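Please look over the structure shown here, with attention to how strands can be joined into a sheet. The briefing is meant to be read alongside the sequence.

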Amino acid sequence: MPAKHYDFKNDTRYLELLSQTFPTVAEASTEIINLQAILNLPKGTEHFVADIHGEHEAFLHILKNASGNIKRKVNELFGSTLRESEKRDLCTLIYYPEEKLELIKQTETDMNDWYHITIHQLVRVCREVSSKYTRSKVHKALPPEFSYIIQELLHERTDDIDKTDYVSAILDTIISTGRADDFISAISVVIQRLIIDKLHILGDIYDRGPGAHLIMDTLVPYHRWDIQWGNHDILWMGAAAGNDACICNILRIALRYANMKTIEDGYGINLVPLASFAMEVYADDPCTEFQPKILGEDLLSDKVKQLYARMHKAISVIQFKLEAQLYLRHQLWKMEDRCVLSHIDYEKGTFTQDGKTYQMTSCTFPTIDPKAPNALTDDERELMAGLHNSFIICEKLHKHIRKILQHGCMYAVYNHNLLFHASVPLNEDGTMKNVEIAPGKTFSGKDLMHNIGMIVRTAFQSDSDEYDKAYATDYFLYLWCGPDSPLFDKSKMATFERYFIREKETHVEEKGNFFKLRNDEKIADMILDAFDVKGANRHIINGHVPVHVAKGESPLRANGKLMVIDGGFSEPYHKETGIAGYTLVYHSRGFELVQHEPFNSTADAIKRGIDIKSTTQIVEMSQRRMRVADTDKGRDIRKQIADLEELLYAYRHGIIKENERKK
């Protein structure tokens, strides 16, 4: 094989920098050996989830049990050597170590014996889930206080006669020093961490569920994750940026479902001024259309429900006004027809749309001037100023939004898969649709997604041009409900009509061409080509539209090229979809789609060992086990190896001199 020759005209400076990290032939060679070895490890397991909608308990449990993967590992390891109840208890201990330990101590008579047996079992599970990683990667995942001990236990076995006493002494000392509980908690967290190598969230952490803030608290320190922004995430990002129409939408949705936990408990937004305003202005209004839809058990008194209904109507009317102001300000959006308050005949109580007039269910609007229906009253303006300030100064909210910005974008391409939340705007013939997102700025496909992401980030950059930042802040509303928004892609958002018009024809939100054409494999291939997604087994993975499993719908479209994994985490969707969410698992042997049934509660999972019942469907299996070499990381590693080989050549031919490290 002929020797390689390199042209160093443009590379010397880079190689000089690289030599600072690997200053000798020996160190560069060692790194090449290490990287070549890594290429031959099995690929890490990726988990895909979509449309969590604030359902934190179900999401956190799926994160802890790795979509049933931990249970599968326990079954494979222990088979018939443990009873089903013992395997169930071991799994629950891994998911919720601290809580489960408290329960075990109430019934276990010999804790020392239990500790010995259980720690051995946990070490076996940890050894299994860490087997596909380098020792260095495993070491980085270990908690500092137990790092050395866990490493010793992972790499020593009790069946080695020479090491039996050594391992036993380690366990005896852990127990005798009173650290067994802490050790069990630590190794359980390590198992949870190693079994999911990368978490992909395909949008909508936020919405009507009670714990979006708790989900974000979990993700902030999580080891590897990304998010493709969803329409509800964009709504909260807009609110944090100061878009008052987005703030109103958030409050309206929360009041509609009588779930204020994320807003009040999570972010400390003060809603007393809104309650006071609503009680005064709508005191004599039954607000029939705005009665809350209660999730779960109905624990609200009639008095509280009525308060919520009045607050709901108050913020909705303000929302319609503020939205109209933005539509009129930005005629580029072509949404003036959604200035709904201008289409009302306040004397007759009718609403006109597309040349047809409808009788409204009610027409009581004490804060609307028919001559200037989109103008806020002084009291509404004062109320919104307070709410605006609450969202702008909320430190915790902004910490969470910064994380969503750091880990997210409109789309991602990862290991031959194109990830986005909802759609890619298309023309009727399936070609990419050109969308004007700002004056004189028209894009389609990949460029559209990228430039929308740039606009979103502009709203949060302190050094942005004042006009650009103001437009970016306004643009969040278009992303939420604009016809050509990749996060919405419908003809309209019929919020007003659903409240006030009985005729169902007015409630129709016609879906864009992407949703009409997404079953066509040729369309899927065209989109994948447009986003430069390579590989024989490439896919589009997204969510946004719940899959109606109960009606026979499949999450697999376009001959398997498109996977829609919104199975309805949110409780209101359970009856509609027939299930309670999907997770997609992509491991070294291929894709598995996990279909989940409703999650009872964390308390049931801990006390009774009740896990989420899940059904696994094999989507696509590889003919051979995939390695790191087959992934994006493998491509990057090969580039690193090539650079290091070039550095070796430079050392050996005197182009760059070695520099021994000082000892």
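This is a predicted model: local features need pLDDT of at least 70, side-chain atom pairs count only at pLDDT 80 or more; totals for chains, interfaces and linings use all residues.

**Pairing of β4 and β5**

- Strand β4, made of residues 344-345, and strand β5, made of residues 350-353, pair in the antiparallel sense over two bridges.
- When the bridge of I344 is followed across to β5, the partner found there is F351.

**Pairing of β5 and β6**

- Strand β5 also pairs with strand β6, which covers residues 356-359, and this pairing is antiparallel over four bridges.
- The bridge partner of T350 in β6 is Q359, while T352 stands opposite T357 in β6.

**The two hairpins**

- The hairpin of β4 and β5 has four residues between the strands, and in this hairpin G349 takes a positive phi near 70 degrees.
- The hairpin of β5 and β6 has two residues between the strands, and here D354 takes a positive phi near 50 degrees.

Terms used. Residues are numbered from 1 along each chain as its sequence is written. Side-chain values use heavy atoms; hydrogens and water are left out. Two strands pair if DSSP finds at least two bridges between them.
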